[in-house]
Amino acid sequence: MPLAAVASPMQEFDFLVIGSGSGLDVANAMAGRGNSVAVVEKGRLGGTCLNRGCIPSKKLLYHAEVMETIEGAGAFEIDAEVTGVDFAEIVRKVNADVSGSSDSIRRGLRSSDSHDLFEGTGTFVDDRTVEIVDGDDEGATLRADTVLVATGTRPSIPPIDGIEDVDYLTSTEALRLETLPDRLVIVGGGYIAAELGHFFGTFGSDVTIVGRRENLLPEADEAVGEAFTDRYADRFDVYAGYEAVAADESDGEVTIEARPYPEVDSVRAGGEPVGSPEEADDVTVTGDTLLVAAGRRPNTDALNLAATGVETDERGFVETDEYLRTDADGVWALGDVVGEYLLKHSANHEAKAVVRNLLGDEPEPVDYSAMPFAVFASPEVAGVGARERDLREADAEYATRTYAYDETARGSAMHADGFVKVLIDLDGTIEGCHIIGPEASNLIEEVVVAMTAGSGTVADIREAVHIHPALSEVVDRAFSGQFSRGGGHDHQHHG
Ligand SMILES: Cc1cc2nc3c(=O)[nH]c(=O)nc-3n(C[C@H](O)[C@H](O)[C@H](O)COP(=O)(O)OP(=O)(O)OC[C@H]3O[C@@H](n4cnc5c(N)ncnc54)[C@H](O)[C@@H]3O)c2cc1C
């Protein structure tokens, strides 16, 4: 007699999370409070940041920093030469490291009394019932009082004619590439494109970048974006304001055709300004390797959210209220999949908020008021708060001041190129701060602290003693001199 398909019995939990990135922080907090917890994960434990995002990229990029330091030693009268780079070994070590961390999270969950790990794709059956539809735990049906959707994002591929017939990389594969490309074409001008371009470029690839917006790093303040694009145009073949429209591959040669993007004011071809998009011609760029780093899309398509009350926006990101509750009772969401800031520290910040709101009496909204970002390229970039164009668009009254690194003792010792740009309102409240130059990601932090834990005014920075002659003096000076109303640059010395 054939065995009848037996529906597996429903397993009940207090808390269930789909996705083991920042969702795991909430799972651990719930488990710590004695709740039974189910973790559903279809890929490697630890999510994007650990396995194919922040961690491997920053580990690889540090190798580029060491390389750049050695190659730049001549400017300090030090004769140094790189005599060999074991590129494959760099990539292997970094990836072995992250695999080890991911394996250890998996072992931890498997041996924990308070967590149950389900490996496979989770799909909703109804608001708080999730079925595992593939993988090791295929067929399991789980139900929980509280469910958290923390499924993240994956690379999105823009509609480029012929792209499906081209063997391209996304950031996921690029981080594992053990052979350095000779000629790398990158489609996309955001931070992932910028960081990977810097990594491969530093080790010797000829890099071509095709970005749709007028400047690379279009999310940065325009002064920073422009300075960054200038520096990249010196290093690489930069096409900014060009949209890739067609791709082709033959005999190992990849060709991208790009068209001036009508929504920008001016375009650059090969780094050179060529005027408005109407005046510019289409371009064709070629390489032996193509990397598509043109944005991310939410992992909501496999969740069968139609079976739930969870709503998504037109791009598929999960809609939540300011407490991170979705429209379905007892279902919460956080991280990339809510589409607020696609950054790990934002996902972690949201995880803390969800824990607070699940365990506390009064729900508290997530505070996004000082969410910083950093780009670990060369030059390094970081920013927090409003950009000048945000203030202009809001018709706000504001003042700004820019201070160059090389006007400080440490900046000059380092031959550092770059600046700190501050935006304040007319009462001295900090609206935003934008940095391009060495250690930007560290320098921004005191401004974040001032904006979140201090009075949020220039006084927080001005009244704090800054170590002399540390690089942080560039932040101090940017906040301490004469500001100009609504634009203009002020490089005057102070003190
Ligand atoms: C190349 C790169 C570099 C980056 N660098 C930085 C950086 O320097 N700093 C920074 O702040 N951020 C960086 N990020 C962004 C950062 O990685 C993300 O913001 C962060 O990982 C988001 O965390 P999350 O928990 O929301 O989602 P994720 O970490 O993506 O976790 C979601 C998990 O859910 C799983 N999943 C999805 N759907 C299902 C399903 N149906 N069933 C079961 N499991 C499912 C996925 O497999 C995944 O493991 C980078 C990203 C990339 C790609």
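Which residue has a polar backbone atom 2.8 Å from a nitrogen atom of the ligand? I looked this up and found G122. I take a polar contact as a pair of N or O atoms within 3.5 Å; within protein, one must be able to donate a hydrogen and the other to accept it, and residues adjacent in sequence count only if both atoms are side-chain atoms.

I note that this is a predicted model, where local features need pLDDT of at least 70, side-chain atom pairs count only at pLDDT 80 or more, and totals for chains, interfaces and linings use all residues. Residues are numbered from 1 along each chain as its sequence is written, and side-chain values use heavy atoms, with hydrogens and water left out.

K42 places a backbone N or O atom 3.1 Å from a nitrogen atom of the ligand. For L342, a backbone N or O atom lies 3.4 Å from an oxygen atom of the ligand. The ligand taken alone exposes 1000 Å², and the protein buries 97% of that (Shrake-Rupley method, 1.4 Å probe; for residues, only the protein chains shown count as cover).

I then went through the shell. The ligand has 35 residues around it, and S22, E41, T48, K58 and D336 come nearest (near: a heavy atom within 4 Å). Helix α2 gives the most, with four residues. Elements giving two or more include β2 (37–41), α3 (54–71) and α8 (344–359). Helices (H or I, at least four residues) and strands (E, at least two) are DSSP runs, numbered from the N terminus.

**Six-stranded sheet**

I traced an open, antiparallel sheet in the order β19-β20-β23-β22-β21-β24. Two strands pair if DSSP finds at least two bridges between them. The edge strands are β19 (373–375) and β24 (484–485), each pairing on one side only. Inside the sheet, β22 (residues 419–425) and β23 (residues 430–436) pair over six bridges. L423 stands opposite G432 in β23. Helix α14 (residues 473–480) packs on this sheet and touches β21 (398–404), β22 and β23 (contact: heavy atoms within 4.5 Å). Its direction makes about 145° with that of β21 (axes are lines fitted to C-alpha atoms, for helices over the stretch in contact; angles run from 0 to 180 degrees between N-to-C directions).

**Three-stranded sheet**

I found another open sheet, β11-β12-β15, also antiparallel. β11 (242–250) and β15 (283–287) each have a single partner strand, so one side of each lacks a neighbour in the sheet. The twist averages 25° from one strand to the next. Strand β12 (residues 253–260) pairs with β15 over five bridges. V254 stands opposite G287 in β15.
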